[in-house]
Amino acid sequence: MREEESLADRYLEYLSREHARLEDEIRLESKRPRPDEVLIARLKKLKLAVKDQMQNWASSHASSDRLTA
């Protein structure tokens with residue numbers, strides 16, 4: 001069980017890093033003299049998808065914790 005928790009923690013950490021990376025890319029692209037609006041829109045969609053994954057993973061993991069407690 002401890003190994004599963006560690007894997008879950010690592011997965012959430014990965015998603016968190018990916019979310020931060022996308023946020024940085026969006027910020028950098030937005031600061032350019034002529035930002036690529038299509039690229040920014042794609043990055044925002046990816047960032048939202050990562051956020052959704054984080055929330056889904058956390059909620060499903062929390063409900064499985066309740067079942068095993």
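**View 1. Glu18 and Arg21 sit three residues apart in helix H1, so about one helical turn separates them.** Helices here are DSSP runs (H or I, at least four residues), numbered from the N terminus. The model is predicted, so local features need pLDDT of at least 70 and side-chain atom pairs count only at pLDDT 80 or more, while totals for chains, interfaces and linings use all residues. Residues are numbered from 1 along each chain as its sequence is written, and side-chain values use heavy atoms, with hydrogens and water left out. The side chains of Glu18 and Arg21 meet in a salt bridge, 2.6 Å from N to O. A salt bridge means a side-chain nitrogen of Lys or Arg within 4 Å of a carboxyl oxygen of Asp or Glu. Arg21 is partly exposed, at 38% relative accessible area. (Buried is under 20%, exposed is over 50%, and partly exposed is in between, using a 1.4 Å probe and protein chains only.)

**View 2. Arg21 also pairs with Glu25 through a salt bridge.** Here the closest N and O atoms are 2.2 Å apart. Arg21 and Glu25 are four residues apart in helix H1, so about one helical turn lies between them. Glu25 is partly exposed, with a relative accessible area of 32%.

**View 3. Glu23 and Lys47 form a salt bridge, with their closest N and O atoms 3.5 Å apart.** Glu23 belongs to helix H1 and Lys47 to helix H2, so this pair ties together parts that are 24 residues apart in sequence. Glu23 is partly exposed at 39% relative accessible area, and Lys47 counts as partly exposed at 22%. The structure holds five salt bridges.

**View 4. Leu15, Leu22, Ile26, Ile40, Leu43 and Val50 make up the largest nonpolar core.** Helix H1 (2-31) and helix H2 (37-68) each supply at least two residues of this core. A nonpolar core is a set of buried Ala, Val, Leu, Ile, Met, Phe, Trp, Tyr and Cys residues joined through side-chain atoms within 4.5 Å. In soluble globular proteins, nonpolar side chains tend to be buried together.

**View 5. Here we look at the contacts of Ile40.** Skip its neighbours within four places in sequence, and Ile40 is in contact with Ile26, Glu29, Ser30 and Pro35. Contact means heavy atoms within 4.5 Å.
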